[in-house]
Structure formats: structure tokens, C-alpha cells
Amino acid sequence: MVGGDNSGSRPLRVAVADDAVLLREGIGQILRAGGVEVVVSVDTAEQLLDALAAAGPGAVDAVVLDIKMPPTHTDEGLRALETLRASGSQVGVLLLSMYTTAAYAIRAMSAGSGTGYLLKDRVADADALVNAVRTVAAGGSVVDPEVVQVLVSARSTQAAVESLSSREVDVLRLMAEGLSNAGIAAALHLSLRTVESHIGHIMAKLDIEETTEGHRRVLAVLRFLGRDA
């Protein structure tokens, strides 16, 4: 378990940071309704880092924070993520953004596993938000489907992506969202063997080295799709 031992002995413990108080409170209410304990609720990334340091390792399983917060409203959330990873923290981090920005998504996922990037519109989907928090807390990766679609569309005129079949594009989109092979098979009503075959073709056509590590696979695809986006 990333960020702490949460093997059923206690609820998932989460910190929330967003300078928009109504959104922050709304996120807190959704998480609590989903069985998550909100142990920190602050306005800035700096306050979040201070709270995590004071709480100590393992006290918080995941954090949900806005990318743009005071004082500059540019990339405070991303810098907080990078600070956490530089310090060795493996706490799950779910970044929220108003924008489908390829550079931000790729920068976020480059920080390592246990990281997610969702659009703020997704907060309205309570199940999606709670599931995303649980995924990053467990060391998984989450990328907003709309962000993935923008990246795919941005590359649609490139020869490598054009070489993919429509079904391979569907598999690529779900793969970049972080779905397992079994998850892709269920979503597209395909056999597991067929999905594995499609992924092999995709990796070959995009010249991406295949790996069994889910986060590296997501990052590799995002990096490819995000080039020149």
C-alpha cells in the first residue's frame, strides 16, 4: 500500500488543497460520502506540504490538489508533487486542472506511479473521483479520458498514429487512461488475447518498448501522443 497501511484496518486518509473554498469543501463531502477520511483541508500547496511534514510518513494515504493555486496561480500543485517525490514520499497524488494541457499531464505522470491527473469537471462524478483517489493511493495511475482524447486527436495527422486501426486507437486510448488489459477487454467486449495482440501491434507501430509496469506504459504513450501537441 502506498502512503500507509490501509489494508482494511481504517478508512483511506486524504488531504485536500484548493484555494476555491466551495470546491474544496465539495471534494471533501464527496470523499467522505465515499468512505474516505479527509484529514487535511488547506488553501495552498505550501500549507499542504507543511501539514504532510507535520503528520509524518504514512499518516496520509493520498492528496488531492489543484494545479494552480496561490501565490502565482501557475503550477503550484505540480511543484508540490515534484517536491514530494524528490523527498522520497510515495503518497498518492491526484492533481486537478481546469484545462486539457498536454504538458501538464505529461509532467505530472513523469513524477512516477501513484499519480493522477483529472479535469475539475470530473469532480461532479463522485464515483470517478473516489475511484481515482483510491487508485493513486494504491500506487496506480489515472489520466482523465478527455486529456487522453485531446492527445490522441493532436497526433491524429501524424503518420505513426494514422497507421493504427480504429480498434487499435480505441485500445490505445484506454491503455493511456491506465486500464489493465483485462479492463480494456471488458470495456471493448474483446477477449484478453485479442487485446494483447492489439497492444503488441500498437507498441510496434509507435516504436514504444512494451513493459509490464502500468505507469511506465501510460507515461510512454502520453509522451508519444503529447509530442508537438
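Trainee: Which side chain does arginine 10 make a polar contact with?
Mentor: That would be aspartate 61; their side chains are joined by a polar contact of 2.7 Å. Keep in mind that this is a predicted model.

Trainee: And where is arginine 10 in the fold?
Mentor: In the segment before strand 1, which covers 13-17.

Trainee: Is arginine 10 buried or exposed?
Mentor: Arginine 10 counts as buried, because its relative accessibility is 19% and the cut-off for buried is under 20%.

Trainee: OK, zooming out. What's the strand order in the sheet?
Mentor: The order is 2-1-3-4-5-6, in an open sheet of six strands with parallel pairing.

Trainee: Which strands stand at the edges?
Mentor: Strand 2 (37-42) and strand 6 (142-143). Each has a single partner strand, so one side of each has no neighbour in the sheet.

Trainee: How many bridges hold strand 1 and strand 2 in their pairing?
Mentor: Five, in the parallel sense. If you want a spot to look at, valine 16 sits opposite serine 41 of strand 2.

Trainee: Let's go to strand 4. How many of its residues are buried?
Mentor: Six of six, for residues 92-97. Gly92, Leu94 and Leu96 point one way, while Val93, Leu95 and Ser97 point the other way, and all are buried.

Trainee: What does strand 4 pair with?
Mentor: Strand 3 (residues 62-66) pairs with strand 4 in the parallel sense over five bridges, and leucine 65 stands opposite leucine 95 there. Strand 5 (residues 115-119) also runs parallel to strand 4, joined by five bridges. In that pairing, leucine 94 has glycine 116 as its bridge partner.

Trainee: Since you mention helix 3, what's going on with glutamate 76?
Mentor: Glutamate 76 is in helix 3, which covers residues 76-86. It counts as buried because its relative accessibility is 5%.

Trainee: Which backbone nitrogens lie by the side chain of glutamate 76?
Mentor: The backbone nitrogen of threonine 74 is 3.0 Å from a polar atom of the glutamate 76 side chain, and that of histidine 73 is 3.2 Å from one.

Trainee: What else is glutamate 76 in contact with, leaving aside neighbours within four places in sequence?
Mentor: Ala45, Ile67, Lys68, Met69, Pro70 and Pro71.

Trainee: Switching to the core. Which residues touch the most other members of the largest nonpolar core?
Mentor: That core has 48 residues, and Leu48, Val63, Leu65, Val93, Leu95, Met175 and Ile184 touch the most other members. There's also a second, separate core of 21 residues, with Leu31, Val36, Leu118 and Val123 among them.

Trainee: What does leucine 65 contact, again skipping neighbours within four places in sequence?
Mentor: Leucine 65 is in contact with Ala17, Leu48, Gly77, Ala80, Val93, Leu94, Leu95 and Leu96.

Trainee: How far is alanine 176 from valine 152, C-alpha to C-alpha?
Mentor: 9.8 Å, and they are 24 residues apart along the chain. Valine 152 belongs to helix 6 (residues 145-154) and counts as buried, because its relative accessibility is 7%.

Key: Residues are numbered from 1 along each chain as its sequence is written. This is a predicted model: local features need pLDDT of at least 70, side-chain atom pairs count only at pLDDT 80 or more; totals for chains, interfaces and linings use all residues. Side-chain values use heavy atoms; hydrogens and water are left out. Helices (H or I, at least four residues) and strands (E, at least two) are DSSP runs, numbered from the N terminus. Buried means under 20% relative accessible area, exposed over 50%, partly exposed in between (1.4 Å probe, protein chains only). A polar contact is a pair of N or O atoms within 3.5 Å; within protein, one must be able to donate a hydrogen and the other to accept it, and residues adjacent in sequence count only if both atoms are side-chain atoms. Contact means heavy atoms within 4.5 Å. Two strands pair if DSSP finds at least two bridges between them. A nonpolar core is a set of buried Ala, Val, Leu, Ile, Met, Phe, Trp, Tyr and Cys residues joined through side-chain atoms within 4.5 Å.
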